[in-house]
Amino acid sequence: MRKKGYYSSGEFAKMAHISVRTVRYYDKQDILKPSFVSEAGARFYTDRDFVRLQQIMLLKYLGFSLEDIRELTIEDRDSQFLANSLELQRKLVQDRIEQLQMVEKAIGDTTEEIRRNHNVDWSRMLELIHLTNMETSLKGQYKNSSNIQARIQLHSLYSQNRQGWFPWVYEQCCVRPGMRVLEIGCGNASLWLENLAQIPADIHVVLSDISEGIIREIRRDKRLGSGQFSYDTFDCREIPYGPGTFDLVVANHMLFYCGDIEAVLAEIRRVLSPGGRLVCSTYGSRHMREVSELVREFDSRIALSAEFLYERFGMENGASILGKYFGDVQWRLYEDSLEVDAQEPLIEYILSCHGNQNQFILDRYAKFRSFVAGKMRRGSFHITKEAGVFVSRGKKNEKST
């Protein structure tokens with residue numbers, strides 16, 4: 001018997017202007033399952049399935065693989081999930097438009113060069129190859145943006161410290177007029193966007209990241225359009241600025257991701273002015289421990305990180321690592337915890353982690369969602385936070401390293 005508000009496979013395909021064969025293929029690949037299957041095996045779809053199909057078709061158009069799409073299109077009834085997804089898709093389309101415009105210009109310039117000089121400029125051809133091979137970075141940017149947003153959202157919604165993380169970190173930076181500032185691994189520039197009213201007019205801030213996509217995205221934010229900000233893309237093991245260029249370097253939750261932390265610290269020390277300051281944040285061994293315990297209770301095989309990042313650079317060992325390069329190293333703890341009363345932001349956070357969770361959650365997403373909801377029915381879900389910043393002042397003598 002047909003249920004009200006449901007479309008048959010044929011009707012669904014016709015309304016979406018795709019073939020029934022495509023609908024069946026997505027079903028078989030576990031990308032778009034029907035919302036209802038009758039006893040006779042007939043498959044039916046709903047308006048909500050059209051939302052998921054929209055995501056699938058756009059990501060497919062932008063060059064994502066079926067495996068990528070399976071991870072990036074989680075079915076959920078929360079409107080915030082959909083709003084976040086659509087916003088990220090919009091940014092992804094903007095990136096694609098900019099890249100295609102660059103390709104168009106490069107093709108035009110190369111064609112004109114050939115017509116004018118009757119020979120091939122191979123440096124321009126290499127540029128074309130680079131520009132037309134950017135899909136991988138585009139995919140990475142989509143995932144990175146999604147992950148950053150999920151992690152920030154959980155903390156912004158449920159932190160018990162009313163000041164907020166980014167205003168607190170900015171306070172520790174002691175930004176003063178005339179300063180030259182470098183932020184490495186700036187992400188989505190939240191440190192500055194959340195403190196715009198506090199930023200002196202006559203400072204200069206270089207926002208940098210290793211990802212070209214991230215820098216393109218924050219360039220588009222008109223709130224950072226003043227002359228106070230410039231942008232750069234580089235590997236922080238080789239910072240492309242001269243000795244003593246900056247009065248302040250900020251590294252917010254990024255040093256533990258560096259493959260060679262000591263090489264990065266040596267570079268930061270080099271570009272700091274005499275008496276300049278490094279403000280770098282990290283966390284301790286108890287940080288967010290309840291989330292790890294939660295997922296392990298659901299499936300003991302889940303690890304939210306391939307390694308414990310705090311063991312590489314954390315609250316417990318950061319002072320000794322920094323002490324090789326800087327003097328007067330101080331730890332400042334951000335007093336906070338989370339009290340989460342809705343499962344959607346918590347699930348988004350979990351799926352954004354760098355571990356193997358998607359391998360064990362995506363195929364059982366509905367069950368996992370019910371599991372997390374059960375935890376919420378007992379009251380708010382408490383999460384310990386143990387994060388803060390190291391503030392390092394001055395420079396040690398070069399011979400100390």
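## Overall make-up

The protein chain holds 17 helices and 12 strands, where helices (H or I, at least four residues) and strands (E, at least two) are DSSP runs numbered from the N terminus. This is a predicted model, in which local features need pLDDT of at least 70 and side-chain atom pairs count only at pLDDT 80 or more, while totals for chains, interfaces and linings use all residues. Residues are numbered from 1 along each chain as its sequence is written, and side-chain values use heavy atoms, with hydrogens and water left out.

The mean pLDDT of the protein chain, pLDDT being the predictor's confidence in each residue from 0 to 100, is 84, and 84% of the residues reach 70 or more. Confidence is lowest in helix α6 (residues 122-131), with a mean of 61, and highest in strand β4 (residues 180-183), at 98. Of the 401 residues in the protein chain, 49% are buried, a term that means under 20% relative accessible area, with exposed meaning over 50% and partly exposed lying in between (1.4 Å probe, protein chains only).

## The sheet and its helices

An open sheet of mixed pairing is formed by 7 strands in the order β6-β5-β4-β7-β8-β12-β9, two strands being paired if DSSP finds at least two bridges between them. Its edge strands, each pairing on one side only, are β6 (229-233) and β9 (327-334). On average, neighbouring strands of this sheet are turned by 20 degrees against each other, direction ignored. Within the sheet, β7 (residues 246-251) and β8 (residues 272-283) pair in the parallel sense over 5 bridges, and alanine 251 stands opposite cysteine 280 in β8.

Helix α10 (residues 212-219) lies across β5 (204-209) and β6, running at about 165 degrees to β6, whereas helix α11 (residues 261-271) lies across β7 and β8 and runs at about 145 degrees to β8. These angles run from 0 to 180 degrees between N-to-C directions, and the axes are lines fitted to C-alpha atoms, for helices over the stretch in contact.

## Nonpolar cores

The largest nonpolar core has 60 residues, and those with the most contacts inside it are Trp192, Leu207, Leu265 and Ile268; such a core is a set of buried Ala, Val, Leu, Ile, Met, Phe, Trp, Tyr and Cys residues joined through side-chain atoms within 4.5 Å. Helix α8 (residues 165-173) gives the most to this core, with 6 residues. Apart from this core lies another, of 27 residues, among them Val340, Tyr349, Val372 and Phe381.

Leaving aside neighbours within four places in sequence, leucine 265 is in contact (heavy atoms within 4.5 Å) with residues including Leu255, Leu278, Ile321 and Phe326.

Glutamate 267 has its place in helix α11 and, at 13% relative accessibility, counts as buried. Not counting residues up to four places away in sequence, glutamate 267 touches Cys236, Arg237, Glu238 and Ile239.

Proline 34 is found in the loop between α2 (20-28) and β2 (36-37), where this proline is buried, with a relative accessible area of 14%. With residues up to four places away in sequence again not counted, proline 34 touches Asp27, Arg43, Phe44 and Tyr45. The C-alpha atoms of proline 34 and serine 8 are separated by 9.3 Å, although these residues are 26 residues apart along the chain.
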